[in-house]
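Here are some friendly notes to read alongside the model. Please keep the view open as you go through the points.

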Amino acid sequence: MKYRTASLLLLSALAAPCQAGTNPRAQLTQLDGYGHFASADPALCTYAPVDVDGGMTLNPVAASPSAPALDDGAAAFALGQPFRFFGTDYGTLVVSTNGYVAFAASLAEENGGDFSNDIYLPAVPDNAPFAAARLLAYHDELSGEGAGSALTQQFFATCPRGSGLIAGEACSVVHWKNWNRLGDNQPLTFQLVLYHASQAAVVQYTTLDATAGSSACVGLQSDDAADGGAWSCNGTRALETGTALCLFDPAHLPSTGNDRLFTDGFEP
């Protein structure tokens, strides 16, 4: 009875902090059925903004006649290398003024006009035309009409911010500078880094709007909205300035030093 009680207590201690899809030791949270994991732990995901001053300025095209291009619009560009997302290779990215990127071949497939985020992911977008395969860096009703705003992309054959997964890999960076949430004059600057070898993605938040992300959605979903998950939607997790969020593909997960959840003889 003594050993049985001790074993039950140990199992209870191990299981108590666990939530669905979360490894409390590794600070990795599983977001979807495909196997993407996320972490905002600085030990695994360092905030190190990439300078894109030498990049190409993106000029969005209006999604409809009802709003300016910098309010509801998008720009498409060819990636320097393909990016594999949910197991599919994409060569073109569509960048929305509303804080997300879609994996689509052209603006004829995705117009960037989705300004109303969904708190649950995956979800079928409400703009038309749309591509459901998306990375949501800071999805909200945003605008780039303010002073000093810019939307920039740049490809690096060797990424200035290492992924920590594959040495010297290439990356593509999309940078929203001095954007604004509708009705909020506080500048919002963030960037998305896509790693072409490890298939990881990082969102880095330099400044946030006055709501600090309490109305934005951050996450990812597959084509046809068949799979996906949110890291934070409408304040479900707090976002902070000067922090990063890493999204890892299951093919290349970080080494945490605690690769197994159970120890002391409780591994399967």
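1. Where is the place of Gly87? Gly87 sits in the loop between strand 6 and strand 7; strands here are DSSP runs of E with at least two residues, numbered from the N terminus. This is a predicted model, in which local features need pLDDT of at least 70 and side-chain atom pairs count only at pLDDT 80 or more, while totals for chains, interfaces and linings use all residues. Residues are numbered from 1 along each chain as its sequence is written, and side-chain values use heavy atoms, with hydrogens and water left out.

2. Let's stay with this glycine for a moment. Gly87 is partly exposed, with a relative accessible area of 41% (buried means under 20%, exposed over 50%, and partly exposed in between, with a 1.4 Å probe and protein chains only). From C-alpha to C-alpha, Gly87 is 9.5 Å from Ser222 in space, although 135 residues separate Gly87 and Ser222 in sequence.

3. Now look at the strands on either side of that loop. Strand 6 and strand 7 make a hairpin with two residues between them, and Phe86 in the turn has a positive phi of about 50°. Eight bridges pair strand 6 with strand 7 in the antiparallel sense (two strands pair if DSSP finds at least two bridges between them). Phe77 stands opposite Leu93 in strand 7.

4. Follow the chain into the next hairpin. Strand 7 and strand 8 run antiparallel and are joined by two bridges, with Val101 in strand 8 as the bridge partner of Val95. Three residues lie between these strands, and Gly99 in this hairpin takes a positive phi near 85°. Strand 8 (residues 100-102) is also joined to strand 9 (residues 134-139) by three bridges, again antiparallel; here Ala102 stands opposite Arg134.

5. Seven strands form an open, antiparallel sheet in the order 5-6-7-8-9-15-16. Strand 5 (61-62) and strand 16 (228-233) are at the edges with a single partner strand each, so one side of each has no neighbour in the sheet.

6. Finally, the inside. The largest nonpolar core has 38 residues, and those with the most contacts inside it include Phe85, Leu93 and Trp176 (a nonpolar core is a set of buried Ala, Val, Leu, Ile, Met, Phe, Trp, Tyr and Cys residues joined through side-chain atoms within 4.5 Å). Strand 6 gives the most to this core, with five residues. Another core, of 17 residues, lies apart from it, with Cys159 and Phe248 among them.

Key:
Helices (H or I, at least four residues) and strands (E, at least two) are DSSP runs, numbered from the N terminus.
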